[in-house]
Amino acid sequence: MITVSDPHRAGDEISYYPGEITLRIADAVIINKIDSSDSDQIQILRNNIAKVNPEAVVIDAASPVYADEPDIIRGKNVLVIEDGPTMTHGNMRFGAGTVAAGKYGALSVVDPRHYAVGRIMDVFKTYPETGKVLPAMGYGLEQLKDLEKDNKQYRMRFSNNSNTNRPEPTH
């Protein structure tokens, strides 16, 4: 059996079900995202694998983040929309969107909490630790409408500020 572990969540592989079980019975463990993870986190993961499953073959893997049009990111203030459950229930504070913003030279990541409405505002109240990403939650019609309103307010704010480059979020 093969399992995949994420060094961005080092420690979860020995403290959460079913990750701990799959780690213990795996013949091979793929350490994914080594290209965007801190070396200390990768080492913690390696140590945990060696501790609970020393016989497993360990394979390093990268998950490079690419943007089709990196120039629309470089030097701009960007709104980062990440997978909501990853940001809330998954205990992550960033995802591929944040990695892309850094990799492609975004000027800054705009804090979406200032523009949140409806269900999205409720998500920020329930999960205040989400930080400076807009969590896409549920994907129901009501939340999609709220995401659209959030994006509209964000675009209006930055299109009215001549000193700020306006990012063009995609839907």
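This is a predicted model: local features need pLDDT of at least 70, side-chain atom pairs count only at pLDDT 80 or more; totals for chains, interfaces and linings use all residues.
Student: In what order do the helices and strands follow one another from the N terminus?
Tutor: The chain contains six helices and seven strands. Read from the N terminus on, these elements run β-α-β-α-β-β-β-α-α-β-α-β-α.

Student: Which strands are the edge strands of the open sheet of three strands?
Tutor: This open sheet has parallel pairing and the order S1-S2-S3. An edge strand here pairs on one side only, and that applies to strand S1 (2-5) and strand S3 (57-60). The twist from one strand to the next averages 25 degrees. The edge strands are therefore S1 and S3, because each pairs on one side only.

Student: Which residue in S2 stands opposite Val4?
Tutor: S1 pairs with strand S2 (residues 28-31) in the parallel sense, over four bridges. In general, the strands of a sheet pair through backbone hydrogen bonds. Opposite Val4, the residue in S2 is Ile30.

Student: At about what angle to S2 does helix H2 run?
Tutor: Helix H2 comprises residues 39-52 and lies across S1, S2 and S3. Angles between N-to-C directions run from 0 to 180 degrees. For H2 relative to S2, the value is about 170 degrees.

Student: Is Arg74 buried, partly exposed or exposed?
Tutor: Arg74 is found in the loop between S3 and strand S4 (77-78). Its relative accessible area is 44%. Buried requires under 20% and exposed requires over 50%, with partly exposed in between.

Student: With the side chain of which residue does the side chain of Arg74 make a polar contact?
Tutor: Not counting residues up to four places away in sequence, Arg74 touches Tyr104 and Gly105. The polar contact of its side chain, at 2.6 Å, is with the side chain of Asp71.

Student: How far apart in space are Arg74 and Leu107, C-alpha to C-alpha?
Tutor: In sequence, Arg74 and Leu107 are 33 residues apart. In space, their C-alpha to C-alpha distance is 6.9 Å.

Student: What percentage of the accessible surface of the chain belongs to carbon and sulfur atoms?
Tutor: Of the 171 residues of the chain, 38% count as buried. The accessible surface of the chain comes to about 9,700 Å². The part belonging to carbon and sulfur atoms is 53%.

How values were computed. Residues are numbered from 1 along each chain as its sequence is written. Side-chain values use heavy atoms; hydrogens and water are left out. Two strands pair if DSSP finds at least two bridges between them. Helices (H or I, at least four residues) and strands (E, at least two) are DSSP runs, numbered from the N terminus. Contact means heavy atoms within 4.5 Å. Buried means under 20% relative accessible area, exposed over 50%, partly exposed in between (1.4 Å probe, protein chains only). A polar contact is a pair of N or O atoms within 3.5 Å; within protein, one must be able to donate a hydrogen and the other to accept it, and residues adjacent in sequence count only if both atoms are side-chain atoms. Accessible areas come from the Shrake-Rupley method with a 1.4 Å probe; for residues, only the protein chains shown count as cover.
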